[in-house]
Amino acid sequence: TVYMSMGTVYMSMGTVYMSMVAVYMSMVSLWLGDHIVSISLSMSMKVPAIVAEARKALDSGMCVVIGLQTTGESSLDNELIQKDGNINGFVSLTKEILLRFINEHFPTVSQAEPVQLQDLWCVAAKDMLSEFVTKMDLPNSPLDDLIDQLGGVCSVAEMTGRKGRIVRGEDSKLKYELRDSEGEALESLNNAEVCIHTLLCTDD
């Protein structure tokens, strides 16, 4: 009986420990999600000022180098998967990150033993929150937005590790396009873009 009681105590302690770990991991996920959203939103909100300063510098005959903390490629790739590759506009990194966080971390399952059941209230709350975020007017991807506002890929040399990007075609419609369709190494592709734009600037 004593051994059984001790076993029960150990099992209870294990359950409490696992619960504490789950809470800790949830708090870490929440902090990371908040941090990533803040970075994305902060970069996007700076785009208008960056574009204005860049245009002043270009008008003065100077070259402009802009550095970003992230390209947002993972969010763009996820959006491509969600829409089966059919993207006809800019992607909001902030919106995609928020929706992905809600989808992955919003609890909808009741932990009642011995089975796990869907909590209908939580499911409804998750759907309502996702719908609210979807309707929010959040800023576009800062990298694609900057390139577009500064003249497009014909005027801006991109030095990143991205495989693809949102570009404006000759018909002014936005579409997803691979940076290189022949599988060229990204480093070589970056160098080629710089060389091309350097020659164009020299000719001007």
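In the predicted model, a nonpolar surface patch is formed by Leu 58, Val 64, Ile 66 and Leu 68, which together have about 270 Å² of accessible area. One of these residues, Val 64, is located in the loop that runs between α1 (2-59) and α2.

Helix α2 spans residues 73-82 and includes Asp 77. The buried residues of this helix are Glu 73, Ser 75, Leu 76, Glu 79 and Leu 80. Viewed down the axis of α2, these buried residues fall within an arc of 160 degrees, so they line one face of the helix. An α-helix has 3.6 residues a turn, so residues three or four places apart point the same way. On the face turned away from the buried side, α2 carries the exposed residues Ser 74, Ile 81 and Gln 82.

Asp 77 has a relative accessible area of 25% and is partly exposed, because this value lies between the limit of 20% for buried residues and that of 50% for exposed ones. The C-alpha atoms of Asp 77 and Gly 164 are 8.9 Å apart in space, although the two residues are separated by 87 residues in sequence. Just after α2, Asp 84 adopts a positive phi of about 55 degrees.

Methods
Residues are numbered from 1 along each chain as its sequence is written. This is a predicted model: local features need pLDDT of at least 70, side-chain atom pairs count only at pLDDT 80 or more; totals for chains, interfaces and linings use all residues. Side-chain values use heavy atoms; hydrogens and water are left out. Helices (H or I, at least four residues) and strands (E, at least two) are DSSP runs, numbered from the N terminus. Buried means under 20% relative accessible area, exposed over 50%, partly exposed in between (1.4 Å probe, protein chains only). The arc is that of the directions from the helix axis to the C-beta atoms. Patches are made of residues with over 30% relative accessible area and no salt bridge: like charges are joined within 9 Å, nonpolar side chains (Val, Leu, Ile, Met, Phe, Trp, Tyr) within 5 Å. Accessible areas come from the Shrake-Rupley method with a 1.4 Å probe; for residues, only the protein chains shown count as cover. A salt bridge is a side-chain nitrogen of Lys or Arg within 4 Å of a carboxyl oxygen of Asp or Glu.
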